[in-house]
Amino acid sequence: MATVQMLVSFVVVLGILIIVHELGHFFMARLAGVGVERFSVGFGPVLWRYRGKETEYCVSAIPMGGYVKMMGDDENPLEGGKASAVDPAKAFNNKPLLARFLIVFAGPAMNFILAVFIAALMFMLIGRPVAPAEVGRVTEGGPAAQVGLRTGDRITAVDGKPVQYWEDLAHAVQAADGRALQVAVQGQAGLRTVALTPVQAKRKDLFGDDQTVWEIGASAYLPPAIGDTIAGDPAEQAGLKAGDVVVALEGQSILSWDELAEQIHKRAGQPTRIEVKRGTETLTVTVTPKRGKVPSPDGKEIEVGLVGIRPGGATMMVRSKPLSAAWEGLAWSADVTAKTAIGLYKIVVGQLDRSNIGGPIQIAKTAGEQARQGIVSLALFTAVISINLFLLNLLPVPMLDGGHLLFFTFEAVLGRPLSVRKREVAQQVGFALLMLLMVFAFYNDFKRIGLF
């Protein structure tokens, strides 16, 4: 069942991305008056075809992309040979440079637009996850501990401005730049106001680079509720289930997810009694954390105990109005694009391990995992892959859209197109590079699943 779900998710995700990309080329070509001979999903031998008035619509055997074969554009070896007859008025190569540029750029652009649309739709219909402004773990000796903040305290205002979510507090802390904040706190002792002064700390970003941030020595409250168990890991083997709420570990009360994780991390290889509330029942299970590695705050990996659980019930979903959702979808997509571009650069220059490059098997595996977590996870995964395709297709490599755009740039500078022979050689080199990249991606995929 899991394999079927994985394959279906893969076909749906990849199919949507390919069709949307090629529709960008297709509609822009039609708009510019260019004739389209073939619209193909996939490369290679044709499995299915439908002949329209001018265009042949196909599904081909190799599902690694697609293409729009335009009249007068016969240089791509994956798109067949030359057409028998070409109407000069509809030939791609006879169109002005700007029109050709826009036709080629429209494919990647549609992938970015798709990502914005998906993200905006999710923010509008489902909402974005936010944590309430409730204090979770408090670091001993930190600014929060010094002013008496405790787990469970709720932040209601910062400098007189109401605070509803933890992200509001986080933004205020960074914006203060070390200035003392007047924070209104609702706790067991009632409502009080404290002067909370953030301190600087060194943290590793997504890519392991140092960054300086302001922090208060406290994190958002995450309840010790299990959202999901990892198949085959100790928690699932012991019978823990999604929805269980941990109330005690080895007889000690557990109040937050951070506290639960900290205690489990200390007990690698040791049988551990965990009490959970499941509905109206309280059950006791024994689980033995396996040894694993997690990143520490300074970016280094440390060996800890792991049982294979993910948090649940930690956030609320807040829906956005259409205009706000559109802006948030654009901001989210821009952020993912920037991070992806940095990641690609670091892989190219060797600052990130090239084993991070994945191929169809990795995409299929991840798509299946996201599908099991729900439609929102699968939709946002599709948006992320769409952004990856947007960037990859803009790389200045012949055979990719970016290679064509590079040729157009040369044409604009030189005042004439490059010779057919030079373009053919470049296309052949680009084809070879793409095949090598594909082989490397498959190698990484096979290595991940233990075939190498």
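This is a predicted model: local features need pLDDT of at least 70, side-chain atom pairs count only at pLDDT 80 or more; totals for chains, interfaces and linings use all residues.
Local features need pLDDT of at least 70 and side-chain atom pairs count only at pLDDT 80 or more, while totals for chains, interfaces and linings use all residues. Residues are numbered from 1 along each chain as its sequence is written, and side-chain values use heavy atoms, with hydrogens and water left out.

The protein holds 11 helices and 20 strands, taken as DSSP runs numbered from the N terminus (helices are H or I, at least four residues; strands are E, at least two). Its C-alpha trace spans about 85 × 50 × 40 Å along the principal axes. Of the 452 residues, 41% are buried, with buried meaning under 20% relative accessible area, exposed over 50% and partly exposed in between (1.4 Å probe, protein chains only). Contacts are heavy atoms within 4.5 Å; among those between residues at least 6 apart in sequence, 59% join residues at least 24 apart.

Now for the inside. In soluble globular proteins, nonpolar side chains tend to be buried together. A nonpolar core here is a set of buried Ala, Val, Leu, Ile, Met, Phe, Trp, Tyr and Cys residues joined through side-chain atoms within 4.5 Å. The largest one has 20 residues, and Leu149, Ile155, Val158, Leu169 and Val183 touch the most other members. Two or more residues come from each of β5 (154-158), α4 (166-176), β7 (181-187) and β8 (190-196), with α4 giving the most, at four. Leaving aside residues up to four places away in sequence, Leu169 touches Ile155, Val158, Val163 and Ile216. Another core, of 16 residues, lies apart from it and includes Val13, Leu17, Ile118 and Ile387.

A search of the whole structure turns up nine aromatic pairs. Rings of Phe, Tyr and Trp (its six-membered ring) pair if their centres lie within 6.5 Å; planes under 30 degrees apart count as stacked, over 60 as edge-to-face and the rest as tilted. Phe101 and Phe105 are stacked, because their ring centres are 6.4 Å apart and their planes sit at 20 degrees. These two phenylalanines are four residues apart in helix α2 (residues 97-125), so about one helical turn separates them. Phe101 is partly exposed, at a relative accessible area of 31%, and Phe105 also counts as partly exposed, at 31%.
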